Amino acid sequence: MIPFEMVEPTSLREALGLLDPQEPTIRPVAGGTALMLMMKAGVFTPTRLVCLHRIEPRYSRIALSDRGELQIGAMATLSEVEKDANVASRLPVVKRALRRLSNPRVRNVARVGGALAHGDPHMDLPPVLTMLGARVTVVGPNGERELPLEQLYSGYYETVLEKDELITAVTVPSLNGRKSAYMKVTSRSADDWPALGVAVSFALQNGALRDPVIVVSAATEKVTRLTSTEKVLHGAAPEDAVLQRAGEAAVAEVSILADAHGSAAYKRELLRVYLRRAVRQALADDAQQVRA
């Protein structure tokens with residue numbers, strides 16, 4: 001491995017000053033689970049890594065805001081999110097998703113900010129948080145900005161982040177009675193990279209689906225919201241014929257990519273089937289609580 005510089009700033013401001021928007025070989029590192037694999041494979045050769053482990057503790061906190069929104073610091077580990085009592089009680093779909101995200105060793109090290117900023121469409125957390133309407137706070141030399149998580153991704157492994165910007169927090173609104181589910185389809189073990197991820201949420205009023213949100217990942221170049229498919233479900237009862245039409249609409253709306261986890265045709269069929277299953281799981285999980 002080619003030698004590189006490792007620096008450990010003690011503040012966010014100092015960390016930002018060590019990044020260089022003109023130098024792609026300088027990268028921030030939080031958990032480093034993905035970055036280390038890229039380095040070992042020779043895909044990325046750094047000249048400097050800016051380790052964020054020693055910046056202010058507030059960027060690792062998980063807390064409720066006065067408005068009942070869950071605020072997750074970007075440096076919180078995935079295990080900390082998985083085990084947090086407020087996550088379990090208010091956002092059980094997140095806890096369920098994290099239980100099948102890789103393995104405990106990875107979850108103990110990987111950080112929320114890194115999992116979102118990496119831009120890998122196969123990650124489980126981005127589609128789940130996108131479906132929940134999460135917002136990310138981004139800080140850079142020009143100040144702070146907030147954007148919906150679904151606007152963070154611009155392409156395959158691409159985000160709208162500048163090279164001298166960092167995600168500092170994620171804000172997740174309360175479900176307010178909405179139903180939600182995430183279904184991950186793998187071709188090998190249950191905690192493997194998915195061939196398809198489907199996240200759904202909706203309100204249920206008088207037996208009809210209201211304001212549905214449908215997000216797919218893994219089979220697409222980026223986390224993708226299916227707005228046309230949502231219109232098929234809005235105002236309809238969750239009957240088999242409706243869900244079948246929604247599956248066909250989803251396949252028509254999104255461009256499916258083939259990879260080592262399956263052909264495009266295979267993944268299209270998965271989308272047809274698992275969109276229906278995800279809606280039914282959200283309905284079945286209505287009154288259930290995740291056990292701590």
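A salt bridge is taken here as a side-chain nitrogen of Lys or Arg within 4 Å of a carboxyl oxygen of Asp or Glu. With that in mind, and remembering that this is a predicted model, select Arg67, Glu69, Arg135 and Glu146, which are linked in a network of salt bridges.

Keep Glu146 in view and move to its strand, S7, where Thr137 stands opposite Glu146. Strand S6 (residues 135-140) pairs with S7 in the antiparallel sense over six bridges. Widening the selection brings in an open sheet of five strands, ordered S4-S5-S10-S6-S7 and paired antiparallel. Strand S4 (62-64) and strand S7 (143-148) stand at its edges, each with a single partner strand, so one side of each has no neighbour in the sheet. Neighbouring strands here are turned by 20° against each other on average, direction ignored.

Next, return to the charged pairs, of which the whole structure holds 14 as salt bridges. Select Lys267 and Asp259, whose side chains meet at 2.8 Å, N to O; Lys267 is buried at 0% relative accessibility, whereas Asp259 is partly exposed at 30%. Then select Glu230 and Arg225, joined by a salt bridge of 2.8 Å, N to O, where Glu230 is buried at 7% and Arg225 is partly exposed at 30%. In helix H11 (residues 264-284), Glu269 and Arg272 are three residues apart, and therefore separated by about one helical turn; their closest N and O atoms lie 3.1 Å apart in a salt bridge.

Finish on the surface with Tyr156, Tyr157 and Leu257, a nonpolar patch with about 280 Å² of accessible area together. Tyr157 sits in the loop between strand S8 (153-155) and strand S9 (158-159), and is partly exposed at 36% relative accessibility.

Definitions and conventions. Residues numbered from 1 in each chain as written. Predicted model: local features only at pLDDT ≥ 70, side-chain atom pairs only at ≥ 80, totals over all residues. Heavy atoms only, no water. Patch = residues over 30% accessible without salt bridge, like charges linked within 9 Å, V, L, I, M, F, W, Y side chains within 5 Å. Areas by Shrake-Rupley, 256 points an atom, 1.4 Å probe, with all protein chains shown as cover. Helix = DSSP H or I, 4+ residues; strand = E, 2+ residues; numbered from the N terminus. Buried < 20%, exposed > 50% of the residue type's maximum accessible area, 1.4 Å probe, protein only. Pairing = 2+ DSSP bridges. Axes fitted to C-alpha atoms, helices over the stretch in contact; angles between N-to-C directions.
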